[in-house]
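Please look first at the sequence and the structure shown here. The report that follows describes how two parts of one chain meet.

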Amino acid sequence: MRSSRLLLQRSHALYGRSVNTWSAVGAAFNVQQHQRCEHLQKNVGLFGVPELSGPAGFQMAQHQALREAEFLVHKACTHPPGAVTVETFDQLSDSLCRVADLADFIKVAHPDAAFREAAERTCVEVGTVVEILNTNVDLCQSLKNLLGNEAVLATLDSDTRRVAELFMFDFEISGIHLDYSKRSKAVALNVKLLDLYHEFLSGSQLPNAIDKQVLPEHIRHCFSIDGNRVQIGGLYADSPNELVREAAYKIFLYPNTSLLLCLDELLACRHELATLVGYESFAHRALKGTMAKTPETVMKFLKLLTEKLSDRTSKDFKMMKEVKRKTHTTNPEVMPWDHAYLSSAIRTEMFNIDPSIYSPYFSLGACMEGLNCLFTQLLGVYFQAEHPKMGELWSEDVRKLAVVHETEGLLGYIYCDFFRRPDKPHQDCHFTIRGGRLREDGVYQLPVVVLMLSLPPPSGRTPSLLTPSMVENLFHEMGHAMHSMLGRTHYQHVTGTRCSTDFAEVPSILMEYFASDYRVLSRFARHYQTGEPLPENLVSRLCESKRVCSAADTQLQIFYAALDQVYHGKPQYRSTTDILREMQERFYGLPYVKDTAWQLRFSHLVGYGAKYYSYLMSRAVASMVWRQCFLQDPFSRVMGERYRREMLAHGGSKEPVLMVQGMLQKTPTIEDFVDALVLDLNANVKSSV
């Protein structure tokens, strides 16, 4: 049944002149939102959590979660083994995750520093408690009693048994089987790693400064000047000025001694922890339970892909070199700071791709209506725009959507934090705020997620207009959100995107194929002023342009993935920069630049340690699913239902390979993955961009 909450009404008061009558969903994103009188309303707290009406509430929410955790630990340790054991573990996980996950988002997104700092403290404190619980012998023993009792195990359904095994895996990788001193060591290493992660992530974002006299006067204005110092906080990879690109690259990537030591310590701690709990390396530990399963498989995948792309990659770099030569450069060789700019310049020259030509057809409201239409046809799911209550949001430009199934009713909520604002991270990502699960009272706990993008805010009477890459990012992140909404698992420990990393990106990357198909785009892409549909030839040109230099672009991703694997493999007993230099020569094709340390800007080493390959492997799976199941008809309800049944519904409660096998109706090999990626780079896919 439909949600009874107040909906945004259909409106004609649009930005600029419009020929459209927007649905409530389109209007929520394309119509100026009027502030309602809220002074008489009660502050319900962030996401409707009453304690979070102010920063101090994080401490209250944390204490409440820890008290509940104590009760649940006692219950798990004293109750006879059975399904209730797994349910209690899941309640314990849920009570801590509901606080930690929410805090994990607020610490980066809230405009108020007091909220961010309170959330950061909560993340650290709850994280420490989790590490201690993961080495609680009595708690682990209650799970062992269950998994060791064949008679009781026989009464459990497959999901319950798998979740029990996953909880046991968490214990094992934390060193539960070790003696007291080694367990204590494992806890200490995990706690230390939390601090190192924070230090590395913070340092990786900091700008580098240099005396402005060092730079030629005619390029200083391109950077931020602070007195006599020039601050460089990025690579300026899109700058048409080669000297600007070179200066930014060499200065921004100049080695920071303390951060190099931090990375060394981080990698050493990870390796020590992995070997302490019985693994050859951190990579072996990290890849257990993934589609790839072992570092050896990952490296086989990366090497085979490199071989298959070799000729194409060489041609791409040769084409870049020819373009660079025409610019009368002093250095005719293609350098790492040239890659992004030259590949973009070639696309522009060959296809005249100007994002400003496309943007008027992609107002944010139109894109959201397009997603709504697509999900309705594919999955029987639609959005309802809602008025949030006072205190529920962290910024007034956030929109709230209810996700509703045509027969199953309300599935969950998506908070859309789409627009740029000061101090907001410039990143596109999906945050789980609350996982779905079947509660003890038989009611399903609805999932809540946030999608964070960096879109241009509306300006005057013009709505937010998206470039093609922004549209692709929007569809990508919405793929994660729908995974969270439709992963209706019994247990929150495996809800939605809480699955193997190399599978978690499949639903989001698959959505990029829909975002690049003219049959999908033609349903919603209309000029925001005239109502003119997006011309098909513009889509075709965009399609063809994406394949320009795509082998070189893919090879760069292979290099990043290979570097990540070697860093997390067996110790090399040499500097991370020496390893970088070797891997760049083997897997990239452009030379290492002396006195640079790109690895210090590789923030994915924290969240994706030993798993950066996941983007490539997930893309391979998504490509296979698209071609086999949706290329013929991107609106097929039969395939949409199969997609939900085989891939989305299980979250992490099923082996990822089995989900892929169920969708494709065959077991793909590493060679199949490689061939799918190569085919993507070569094929002129029908009706697709």
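How many salt bridges are counted between domain 1 and domain 2? The count is three salt bridges, where a salt bridge is a side-chain nitrogen of Lys or Arg within 4 Å of a carboxyl oxygen of Asp or Glu.

This is a predicted model, in which local features need pLDDT of at least 70 and side-chain atom pairs count only at pLDDT 80 or more, while totals for chains, interfaces and linings use all residues. Residues are numbered from 1 along each chain as its sequence is written, and side-chain values use heavy atoms, with hydrogens and water left out.

**Confidence.** The pLDDT, which is the predictor's confidence in each residue from 0 to 100, averages 92 over the chain, and 94% of the residues score at least 70. Over residues 1-19, however, the pLDDT is below 50, and over residues 684-689 the pLDDT is also below 50. Where pLDDT is low, the predicted coordinates should not be read in detail.

**The two domains.** The domain assignment, which is automatic or comes from a database, gives domain 1 as 46-177 and domain 2 as 358-551 + 613-681. Their C-alpha centres lie 28 Å apart. To the contact between them (heavy atoms within 4.5 Å), domain 1 gives 26 residues and domain 2 gives 31 residues. The buried area, meaning the accessible area (1.4 Å probe) that two parts lose on being put together, summed over both, is about 2,500 Å² here, and carbon and sulfur atoms give 57% of this area. On the side of domain 1, the residues that lose the most area to domain 2 are Phe 47, Phe 105 and Arg 162, which together make up 26% of what that side buries.

**Charged pairs.** Side chains of opposite charge can pair when their charged atoms come close. By the salt-bridge rule the count comes to 37, and two of these pairs are set out below.

| Salt bridge | N to O distance |
|---|---|
| Arg 498 and Asp 101 | 2.4 Å |
| Asp 104 and Lys 107 | 3.2 Å |

Asp 104 and Lys 107 are separated by about one helical turn, because they stand three residues apart in helix α3; helices here are DSSP runs (H or I, at least four residues), numbered from the N terminus.

Conventions. Helices (H or I, at least four residues) and strands (E, at least two) are DSSP runs, numbered from the N terminus.
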